[in-house]
Amino acid sequence: MPGTVQSIERAAAILRILAGGPGRLGLSEIARALDLAKGTTHGILRTLQMVGFVEQDRVSGHYQLGGALLHLGTSYLDINELRSRSINWADPLAARSGEAVRIGTVLEGRVLVIHHVFRPDDTFQTLDVGTLLPLHATALGKVLLAYRPFSVGELEAYTRLTVVEPRALATALEHVREVGWAAEIEEFLLGQAAIAAPIRAYGGLVVGAIGISGPVERLCDSRYRPRPNLVTSVRDAARAVSRDLGAAR
């Protein structure tokens, strides 16, 4: 049997580090993590950059996953599979939180809702499956946007609280990567709030998001901060789905 190709093993290791990291990583950080010479690491990164699997920030020189790899990560995972793996965790999340649960993925620059569990009460509700939501103004969208390269033009303001300034949005997305979840409070609909967390597949790539939505007074405390117990429930559900899809703990 032929042996393994060392350069491919090292390239795969670099991609896993970038996928699992908190954000962009520098050459020294990547080389140190893999115990490789900087020259060797730089050569692999340049090759990955040429094929679109890695992108380098022009200002800081740091690296992140490229658009080609992120597209590959979401295209291999059929939407039906993502939905089927998520269903087992969406119903318990709705029961624990008392709120509606939605699961989404990116489609043509928007959030496609692929599964929706109603609030466990008797109020009138409409099914959102198939609905397209804005990336920048929803918790599901912020999660999906935070883990993929993006360029924005003019952003639509749905309420006076919608973040439409590119720098402010970039700061908000950086915070999402730092804490591992996103929230939106009256940015898409007045009186409504949402909390969401990323669903990852093998290698740590974010392929979807799961979240809850409901009235601000139920999801947030008196200072308009998301309630910690609800954040924990959403993140636990996201981790459970991610494990089912092969993501590492």
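Which helix is Val-234 found in? Here are some notes on that and a few other spots.

This is a predicted model, in which local features need pLDDT of at least 70 and side-chain atom pairs count only at pLDDT 80 or more, while totals for chains, interfaces and linings use all residues. Residues are numbered from 1 along each chain as its sequence is written, and side-chain values use heavy atoms, leaving out hydrogens and water.

1. Val-234 is found in helix H9 (residues 228–244); helices are DSSP runs of H or I with at least four residues, strands are runs of E with at least two, and both are numbered from the N terminus. At 0% relative accessibility, Val-234 is buried (buried is under 20% relative accessible area, exposed over 50%, partly exposed in between, with a 1.4 Å probe and protein chains only). Beyond its neighbours within four places in sequence, Val-234 is in contact (heavy atoms within 4.5 Å) with Leu-93, Ile-195, Ala-196, Ala-197, Ile-210, Gly-211 and Ile-212.

2. You will find seven salt bridges in the structure (a side-chain nitrogen of Lys or Arg within 4 Å of a carboxyl oxygen of Asp or Glu). One of them joins Arg-218 and Glu-99, with the closest N and O atoms 2.7 Å apart. Arg-218 lies in helix H8 (residues 216–219) and Glu-99 in the loop between helix H5 (79–97) and strand E3 (100–107), so this pair ties together parts 119 residues apart in sequence. Arg-218 is partly exposed at 36%, whereas Glu-99 is buried at 2%.

3. Glu-187 and Lys-142 also form a salt bridge, at 2.8 Å from N to O. The pair links the loop between E6 and E7, where Glu-187 lies, with helix H6, which holds Lys-142. Both residues are buried.

4. Back in helix H9, Arg-239 and Asp-236 are three residues apart, about one helical turn. Their side chains meet in a salt bridge of 3.2 Å, N to O. Arg-239 is partly exposed at 41%, and Asp-236 is partly exposed at 39%.

5. A search of the whole structure finds one aromatic pair. The ring centres of Tyr-158 and Phe-188 are 5.1 Å apart and their planes are at 70 degrees, so the pair is edge-to-face (Phe, Tyr and Trp rings, the six-membered one for Trp, pair if their centres lie within 6.5 Å; planes under 30 degrees apart are stacked, over 60 edge-to-face, the rest tilted). Tyr-158 is partly exposed, at 27% relative accessibility.
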